[in-house]
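Subject: Structure for you to look at, with notes

Dear colleague,

I am passing on the structure we talked about, and below it I have set out what I found when going through it. Please read the notes with the structure open beside them.

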Amino acid sequence: MRPPSPSIPEKEFLFSALKQGLRLDGREFLEMRPIALNFGPELGWVECSLGKTRVLTQVEAKMVKPPPERPIEGFITIHCEISPMASSEFELGRPSEEEVTITRMLDKIIRRSDVIDKESLCIMAGQRVWHLRLNIHCLSDSGNLLDCACLAGIVALKHFRRADVEVIGEEVTVHPPASRAPIPLSLHHNPYCFTFAFFADTSINPVLDANLLEQRLNGGLISIALNAQRELCVVQKSGGVPLEPADVLKIVNIAVQKAKDVDTLVESRLREDWEGRKVEVR
Amino acid sequence: MSIVLPGERAPAQHVNLKLGPGLLQASDTSTSINRSAPSIFATRAGTLNHSANGSKWWIESNARRYVPAAQESVIGVVVQKQGEGFRVDIGSAHSANLDGLAFEGATKRNKPNLKVGSLIYARVSLAHKDMEPELECFDAQTRKAQGFGELKGGFLVRCSLRMCRQLLDPKHFLLPLLGSLFPLEIAVGLNGRVWIDSQDSKRIIAITHAIEATDPDTQGMGEDEIRTLVEDLARKWMFE
């Protein structure tokens, strides 16, 4: 059963507070909730949380035979699981509109913006390539699931290292992590997604990283995926509120700054984790 | 006080035994040979408590999903108007029915006009596992509202079920502490919803923060931490 839309007092209070420049969690309008990244025992296992929104991602790689039309490219598939565990809004088997948007955005941001150098996943042309599978499990939805899932996905790909392989003639040897250091994936860039919520009342400024109530009551969303090098990957607008081109440009500029901040945080957390990890190479 | 698991037998015995949440008397009489010792089973995991003279027994546990129980006050959202009454979402598996005549002073001609989305403070009058729960907004004996009815303005905070039970405990520190800092109005629903109102948005947000921070499910802050939290917010927004 889908939960009913927020009650009248909640709606009125949210709008009046936003008009006074207050957000319910005491944040500034363009402030994100603190990002927490936790890494699991295995490489490519990342738990990312934005406030109470939590997403778990995991990467696995296996060897497959490539199709004849693309003999030298590896694959990546994204499996995004939004179960009723995240919120009673989601149902199994019947994807809601929001769920479809999230899955498609993840596909656009992570797969179609060419994050992964697919040719580097080739082991032996026409015979063997790596198939990466990115599993995204949404654990808890407290607003802005998309940004959290996207961040978790990118960080998982950065965290993951595949086993080293050696090709001698026709023979492929896979070296377990104990004998040769696993190799990080070669990524072209790291896009991050930022979602801004707009409200039907135009006197309210847009908010970044909407919480649950803001997400339910917004009049429009604009999701911007870009990397810290100011390269725009995806811009998606949903909802009926019209936007001036100048407003969109302003938002993109804010997103650029946020992307830089997030990138620094991600790099430092990954470095910390890698230093604390003992990979034994004999 | 001891910890019990569902299905475990509770040593509850009294001439005038009253069972609270989480306890069930086995309907099968063959399990208890003499009627003076009825078999009482736990239906949920938690700590088993009883009153001083051992007449009232209940289980304290924490959950996020509400299971209706008769005579509990809850806060619901009207989701649909339906003939004589309303369908109200109280956060349980099924939505509850609220009769249009179950209000103080309501007659066939003069029924309250609640919109879809209105907040209701009501009491569960019927909670049966095979039926949809029913609500009422008055005391069935006196037919007076006694604080129940529509909640206008203010804001709704959602918390764990343990937190809202703690708010009703007169010995709990949070409400006296908030009350000493500024005036506020509060209605605690046992279904994990708390309605609050105060002079302005800033104070309401401060109360929201305080309740969320005290919730044992999140940070579970103590009295001193809450005091500094609220005072910091007060300083930041310059009220008081």
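**Two helices of chain A**

Helix 2 of chain A passes helix 3 of chain A in a right-handed crossing, a crossing being right-handed if the near helix is turned clockwise from the far one by less than a right angle, and left-handed if anticlockwise. Before going further, please note that this is a predicted model, in which local features need pLDDT of at least 70 and side-chain atom pairs count only at pLDDT 80 or more, while totals for chains, interfaces and linings use all residues. Residues are numbered from 1 along each chain as its sequence is written, and chains are lettered from A and ligands numbered from 1 in the order in which they are written. Helices (H or I, at least four residues) and strands (E, at least two) are DSSP runs, numbered from the N terminus.

From helix 2 of chain A, residues including A:Ile102, A:Met105 and A:Ile109 meet residues of helix 3 of chain A, among them A:Leu145, A:Ala149 and A:Gly153, where two residues are in contact if their C-beta atoms, placed from the backbone, lie within 7 Å. By class, this contact has ten nonpolar residues, one polar residue and no charged residues, with Ala, Val, Leu, Ile, Met, Phe, Trp, Tyr, Cys and Pro counted as nonpolar, Asp, Glu, Lys and Arg as charged, and the others, Gly among them, as polar.

A:Ile102, which lies in helix 2 of chain A, is buried, with 25 other C-beta atoms within 10 Å; a residue is buried if 20 or more other C-beta atoms lie within 10 Å of its own, exposed if 12 or fewer, and partly exposed in between. Leaving aside neighbours within four places in sequence, A:Ile102 is in contact with A:Cys80, A:Ile82, A:Leu145, A:Leu146 and A:Ala149.

**Where the chains meet**

The model scores ipTM 0.86 and pTM 0.86. In the contact between the chains, 19 residues of chain B touch 13 residues of chain A. On the chain B side, strand 8 (73–82), strand 14 (155–158) and helix 3 each supply at least two residues, and the largest share, six residues, comes from helix 3 of chain B. By class, that side has eight nonpolar, seven polar and four charged residues.

Helix 3 of chain B (residues 201–214) packs with helix 1 of chain A (residues 8–19) at an angle of about 115°, with their axes 10 Å apart, and the crossing of these two helices is left-handed. A:Phe13, A:Ser16 and A:Ala17 in helix 1 of chain A meet B:Ser201, B:Ile204 and B:Ile205 in helix 3 of chain B, a contact with four nonpolar, two polar and no charged residues.

**Chain B and its strands**

Chain B averages a pLDDT of 88, and 94% of its residues score at least 70, pLDDT being the predictor's confidence in each residue, from 0 to 100. Chain B has four helices and 16 strands, and of its 240 residues, 31% count as buried.

Four strands of chain B form an open sheet in the order 1-6-7-3, with mixed pairing; two strands pair if DSSP finds at least two bridges between them. Strand 1 (2–4) and strand 3 (18–19) of chain B stand at the edges, each with a single partner strand, so one side of each is left without a neighbour in the sheet. Strand 3 of chain B pairs with strand 7 of chain B (residues 56–60) in the parallel sense over two bridges, and B:Leu19 stands opposite B:Trp57.

Strand 10 of chain B (residues 96–99) has a covered face, B:Ala96 and B:Leu98, and an uncovered one, B:Asn97 and B:Asp99. Strand 10 of chain B runs antiparallel to strand 9 of chain B (residues 85–89), joined by four bridges, and B:Asp99 is the bridge partner of B:Gly85. In the hairpin of these two strands, which has six residues between the strands, B:Gly91 takes a positive phi near 80°. Strand 10 of chain B also runs parallel to strand 12 of chain B (residues 134–136), with two bridges between them, and here B:Asn97 stands opposite B:Glu134.

With best wishes

Definitions and conventions: Axes are lines fitted to C-alpha atoms, for helices over the stretch in contact, and angles run from 0 to 180 degrees between N-to-C directions.
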